[in-house]
Amino acid sequence: MDTVACIKRVPDTGAKLTLTDDEQEIDTSHLGFTISPHEECAVEEAIQVADDHDGTATVMSLGSVDADEQLRTGLAMTADEATLLETDGEEWRPRETAAALADALSADSGTDPEFDLLLFGNESADVANHQVGVRVAERLDMPFVAGVSDLTIEDGIAVAERDVTGGTEVYELDLPAAVGVKEGLNQPRYASMRAKMQARKQSIGRQDPVAGEFDGGIEKVRLEAPESTEGAAEVLGEGPDAVPAVVDLLRDDLEVI
Amino acid sequence: MILSLVEHAGGRPEETSLEALTLARELATATDAALEAVAFGAESAALGEKIGDYGVETLHHVGDERLDTYAPEAWAESIAQLLDATDPEAVVAPGTDRGQEVLAHVGARRDLPMAANCLDVEAGDVYELSRQRWGGSLVEHACLDSDTKLVTVAEHEFSPETAAEPTDTSVQPFEPSLDESAFRVTVDRVEESDETGVSLGEARVVVGGGRGVGDPEDYDKLETLADSLSGTVGASRAAVNEGWRPHDDQIGQTGTKISPDLYVACGISGAVQHMVGCKGADNILAINTDPEAAIMQKADYAVVGDLHEVVPELNDALADER
Ligand SMILES: Cc1cc2nc3c(=O)[nH]c(=O)nc-3n(C[C@H](O)[C@H](O)[C@H](O)COP(=O)(O)OP(=O)(O)OC[C@H]3O[C@@H](n4cnc5c(N)ncnc54)[C@H](O)[C@@H]3O)c2cc1C
């Protein structure tokens, strides 16, 4: 059973989000990059399902050549193959991205997709458009469920769970199927040093993405980092000596005791 | 006309759908357009009594009994056919799992762009809108250019508001033609959770532990603190990645969003992705050894110190209080 996980390279932001002067992007000059948490789980699941069912796991990304780094992380986690739909680094919009992924996923296989399970992160960590997975699935005429927190493959069926208030909804999808997964689905493995070294030597398939033409669309004007209005915290004290002040606060001001 | 998707439980509208209706009505008022709604399942007819307060003139009630169970493609196909029949200027849905998924399907079927998790939308030939990125840590200002605009509304960013004047909602059955393939994805069953105790999202007090906790056993101290404040324990992603806590406990962009009266953040540095999960907290108390940690700028109160010393001392003091 073959699987494909679609992933995106995003900045590994920490304590503060700083924008570039033109307000078009996050200033990444001091940042590393990562696969977002939902998609790390997508990669892990793709690998586990392929391993359990004698198949091949592929990681695929649309992005600049720098996204090789995230694809290599996928390979180091023991995905078998990696494909980059190489762009010039400009932000692609969701309809274009979905069209290009769907094109790449069907290109070498005619009408029938060659894989059985296609995984996306529920939404990308950065832009969070919440639609690429659905649009790809529609183009490939595959069933799709978003928000998946648990997945089991049995007898040609994907059993997918989604958390709702007070429980979970269970869906049963005939394979081939597509899902948008959330962090918590599994514990993604850490790639060993050795695996990382080996992944550096593996080759990454490259394709030119085919975007297609679309009328209108959503166009970014600028980004804004909401200013936190609060200043520094009121320091109640240092170490255990602060405890009486904390108790006063909890009892008198916050009334939680 | 502006069309809004209303989710409901047994004919009672969900809070997030009322939020979406509020934004949809603003759009309708600004453009002098009618506000209409669409809802699914036999029980949705009862919504007519409830959403007039929000200014809905017409409810398109899709009562096909196969739709008593949620089926994303059937919902989307129905809405797509309703677009063909009524040609609304925009479709507004709540930014829930269902809202996002269904509207994205509609977008795919009618080749329309979609703007997800909007905070504010200004009507016009082209919509000028703001929407959440990074789980709400960043705002994107964008233009949405389309014949029919598809918009989802960020959850819990504002309170639902009823219209100045209530309307009598006319309930009109809508009967889309749906073949079996529209039902290939459907909720097969719902499993109830056997969790007891307060859930993280609803707790009035949350005690969060991050990498600074150091090992899984030391969460006992945080559990004791949470218990004495009738609260529950949460964690940062760093702690979850260490395997100290289950992912269900994670607070933040890719975990749970909390909105307690008090959040006690122990050994947590205050990364944006963590803080976006607790921006609903009324008060934040940080316990951290590092006076320069980012959380010291983001919390309301702080104790500079080792949580392994401060929390047990606090537990003793709270025991004495009783
Ligand atoms: C796309 C994306 C999504 C993410 N989603 C989430 C999310 O949902 N939730 C989340 O939490 N993170 C998320 N992260 C990760 C986030 O960026 C941080 O890495 C993470 O929150 C750090 O956790 P932490 O504060 O426990 O650890 P650290 O940043 O390592 O901080 C530990 C803190 O503990 C203090 N400390 C150490 N010892 C003690 C002691 N004995 N007593 C008191 N204080 C002590 C230190 O001073 C430090 O401030 C995400 C990251 C990305 C890129």
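In what order do the six strands of the open sheet with parallel pairing run? The order is β13(A)-β17(B)-β16(B)-β15(B)-β13(B)-β14(B). Two strands count as paired if DSSP finds at least two bridges between them. Helices (H or I, at least four residues) and strands (E, at least two) are DSSP runs, numbered from the N terminus.

This is a predicted model, in which local features need pLDDT of at least 70, side-chain atom pairs count only at pLDDT 80 or more, and totals for chains, interfaces and linings use all residues. Residues are numbered from 1 along each chain as its sequence is written, chains are lettered from A and ligands numbered from 1 in the order in which they are written, and side-chain values use heavy atoms, with hydrogens and water left out.

Axes are lines fitted to C-alpha atoms, for helices over the stretch in contact, and angles run from 0 to 180 degrees between N-to-C directions.

Chain A joins the sheet through strand β13 (residues 234-238). Four bridges link this strand to β17 (residues 301-304) of chain B, and the two run parallel. Gly237(A) stands opposite Val303(B). Within chain B, strands β13 (residues 205-209) and β15 (residues 262-266) pair in the parallel sense over five bridges. There, Val206(B) has Tyr263(B) as its bridge partner.

Helix α5 (residues 219-228) of chain B touches β13, β14 and β15 of chain B. The direction of α5 makes about 140° with that of β14(B). Helix α9 (residues 307-321) of chain B touches β15, β16 (283-288) and β17 of chain B. The direction of α9 makes about 125° with that of β16(B). Contact here means heavy atoms within 4.5 Å.

## The ten-stranded sheet

Another open sheet has 10 strands and mixed pairing. Its order is β12(A)-β9(B)-β8(B)-β7(B)-β10(B)-β6(B)-β1(B)-β4(B)-β5(B)-β11(B). The edge strands are β12 (217-224) of chain A and β11 (170-173) of chain B. The twist averages 35° from one strand to the next.

Strands β8 (residues 127-133) and β9 (residues 138-145) of chain B run antiparallel and share seven bridges. In this pair, Glu128(B) is the bridge partner of Cys143(B). Helix α3 (residues 72-86) of chain B packs on the sheet, touching β1 (2-5), β4 (35-40), β5 (58-62) and β6 (90-94) of chain B. The direction of α3 makes about 150° with that of β4(B).

## Where the chains meet

The contact takes 77 residues from chain B and 82 residues from chain A. The two chains bury about 6,800 Å² between them, 55% of it on carbon and sulfur atoms. Buried area is the accessible area (1.4 Å probe) that two parts lose on being put together, summed over both.

Between chain B and chain A, 44 residue pairs are in polar contact (both at pLDDT 80 or more). A polar contact is a pair of N or O atoms within 3.5 Å; within protein, one must be able to donate a hydrogen and the other to accept it, and residues adjacent in sequence count only if both atoms are side-chain atoms. On the side of chain B that touches chain A, helix α4 (residues 97-110) of chain B gives the largest share, nine residues. By class, this side has 35 nonpolar, 21 polar and 21 charged residues. Ala, Val, Leu, Ile, Met, Phe, Trp, Tyr, Cys and Pro count as nonpolar, Asp, Glu, Lys and Arg as charged, and the others, Gly among them, as polar.

## Salt bridges

Side chains of opposite charge can pair when their charged atoms come close. A salt bridge is a side-chain nitrogen of Lys or Arg within 4 Å of a carboxyl oxygen of Asp or Glu. The count over all chains is 39, and 12 salt bridges cross the interface of chain B and chain A.

| Salt bridge | N to O distance |
|---|---|
| Glu183(A) and Arg237(B) | 2.6 Å |
| Arg9(A) and Glu69(A) | 2.7 Å |

The Arg9(A) and Glu69(A) pair links distant parts of the chain, 60 residues apart. Arg9(A) lies in strand β2 (residues 9-11) of chain A, and Glu69(A) in helix α2 (residues 68-76) of chain A.
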